[in-house]
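Thanks for coming. I will take a few minutes to walk through one protein, and the sequence and structure are coming up now.

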Amino acid sequence: MTEPQNEPQPDQPTPTGAILRRGPFQVGDRVQLTDPRGRLHTIALEAGKQFHTHRGHIKHDDLIGMPDGSVIPHSSGSSYLALRPLLSDYVLSMPRGAQVVYPKDAGQIVTMADIFPGARVVEAGVGSGALSLSLLRAVGDGGALFSFERREDFAEIARANARIFFGADHPAWTVTVGDLVESLPQTVEAGTIDRVVLDMLAPWECLDVVGEALAPGGVLICYVATATQLSRVAEAARDDGGWTEPQAWESMVRGWHLEGLSVRPEHRMHGHTGFLITTRRLAPDTSAPVRRTRPAHGAYGDDYTPPQEEWTPEDVGERVVSDKRVRRTVRDLHREVDRVSGADPTADGD
Ligand SMILES: C[S@@+](CC[C@H](N)C(=O)[O-])C[C@H]1O[C@@H](n2cnc3c(N)ncnc32)[C@H](O)[C@@H]1O
């Protein structure tokens, strides 16, 4: 049997980042340490360095060269488990500007929007880039992800997070700073996009440009925080007529406690993250067949008034991050990218 290699093989394709996730721990690798109480700490390996806790330290040199999944001695006499962070671990620990899409929803998006290797995908907004990482993984090196973000500082955070995770700029990724409605028609040719993923305040405002970009049969998926946004997307797609009947759902994941006879659901869970809604683009000059089932009595009664005013993040209860905090995040990320790329070997890991 051939041993798995940590080095790229000249005759084999090397999917982005794959070589960073295999083989013994090396200088520069990110390693997630689990302490005896189950708390997680992420470090970046540097020769001669120590990871300090209030009880003592772990030597990076004790980790370098060890296999993934090793147990490492702590100077206090206890032991820490060392593993490379998975994508889901990285996303939850990486620096943020905007709120991220949680792994449970990213998994649903990739599967239900049918993001396939080689696909041409449009995404907006980018925020901190959490969802972009899952989309890049799914399209692979041979696909194309065109991501749009109207805030330059958020785009910068997302690019840095991706560079740290993949170890380099991902070859399938193009990030455009600008509003999707203005920038999309200038960036991609009409009818050439397989899938569109929208995570933004007002996705219904983008339906026209997204409809132009999508190939017939292409999938649009929107992730929204509130039921009012969900309803607005569904009504806008129906009014437009060039889309299949929208489907919406939410997913709830409840972890389980597993200890001896105490096998039960965890007491705490994320009660709500967001809703997902999908629809598919119809062929040109085609309208969706008239629905056989009639809307419920009163669904469009006199009191049905879709909101017309401009929405703000506060309207839908989004946490607004201060500009000062975002500037600090950008600064810290630049130092980490420099460290990963070897430009500043004196900078600290986390
Ligand atoms: C909740 S965040 C996206 C989070 C991201 N999906 C993640 O997982 O990290 C929403 C982002 O959409 C951006 N945005 C909102 N409307 C936009 C538009 N019309 N065009 C481009 N970006 C937009 C906002 O600036 C914000 O950064």
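Which residue just after H3 takes a positive phi? The residue is Asp114, with a phi of about 55°. Please keep in mind that this is a predicted model. I will come back to Asp114 once the overall picture is in place.

Confidence comes before anything else. The pLDDT of the protein averages 90, and 91% of the residues score at least 70. Residues 1-6 stay under 50, and the model has five contacts for them beyond four places in sequence. Low pLDDT means that predicted coordinates should not be read in detail.

Now the overall layout. There are nine helices and 15 strands in the protein. The C-alpha trace spans about 70 × 50 × 50 Å along its principal axes. Two domains are assigned, domain 1 at 24-85 and domain 2 at 89-288, and their C-alpha centres are 34 Å apart. Of the 350 residues, 33% are buried. Among contacts with a separation of 6 or more, 66% join residues 24 or more positions apart.

Next, helix H3, residues 103-112. Its buried residues are Asp105, Ala106, Gln108, Ile109 and Val110. The elements covering them include H4, strand S10 (193-198), strand S11 (214-224) and strand S15 (275-280).

That brings us back to Asp114, which sits in the loop between H3 and S7. Its positive phi occurs in a residue other than glycine. Most residues other than glycine have a negative phi. Is Asp114 exposed, partly exposed or buried? There are 15 other C-beta atoms within 10 Å, so Asp114 counts as partly exposed.

Asp285 also has a phi near 55°, again a positive value in a residue other than glycine. Asp285 lies in the loop between S15 and H9. Asp285 counts as exposed because it has 6 C-beta neighbours inside 10 Å.

Let me turn to helix H5, residues 152-166. H5 has 15 residues and reaches 21 Å from its first C-alpha to its last, close to the 21 Å expected at 1.5 Å a residue. How many of the 15 residues of H5 are buried? Eleven are, which leaves the helix mostly covered. Phe154, Ile157, Ile164 and Phe165 are among them, and the list also includes Glu156, Arg159 and Asn161. Helix H2 (87-93), helix H4 (130-139), strand S8 (144-149), strand S9 (173-177) and helix H9 (323-340) are among the elements that cover the buried residues of H5. Just after the helix comes Gly167, with a positive phi of about 85°.

Gly125 lies in the loop between strand S7 (120-124) and H4. The peptide bond from Ala124 to Gly125 is cis, with omega near -15°. Most peptide bonds are trans.

To finish, H4 has come up several times. H4 is among the elements covering the buried residues of H3, and among those covering the buried residues of H5.

Conventions
Residues are numbered from 1 along each chain as its sequence is written. This is a predicted model: local features need pLDDT of at least 70, side-chain atom pairs count only at pLDDT 80 or more; totals for chains, interfaces and linings use all residues. Domain bounds come from an automatic or database domain assignment. Helices (H or I, at least four residues) and strands (E, at least two) are DSSP runs, numbered from the N terminus. The expected span of a helix is 1.5 Å times one less than its number of residues. A residue is buried if 20 or more other C-beta atoms lie within 10 Å of its own, exposed if 12 or fewer, and partly exposed in between; C-beta atoms are placed from the backbone. Two residues are in contact if their C-beta atoms, placed from the backbone, lie within 7 Å. pLDDT is the predictor's confidence in each residue, from 0 to 100.
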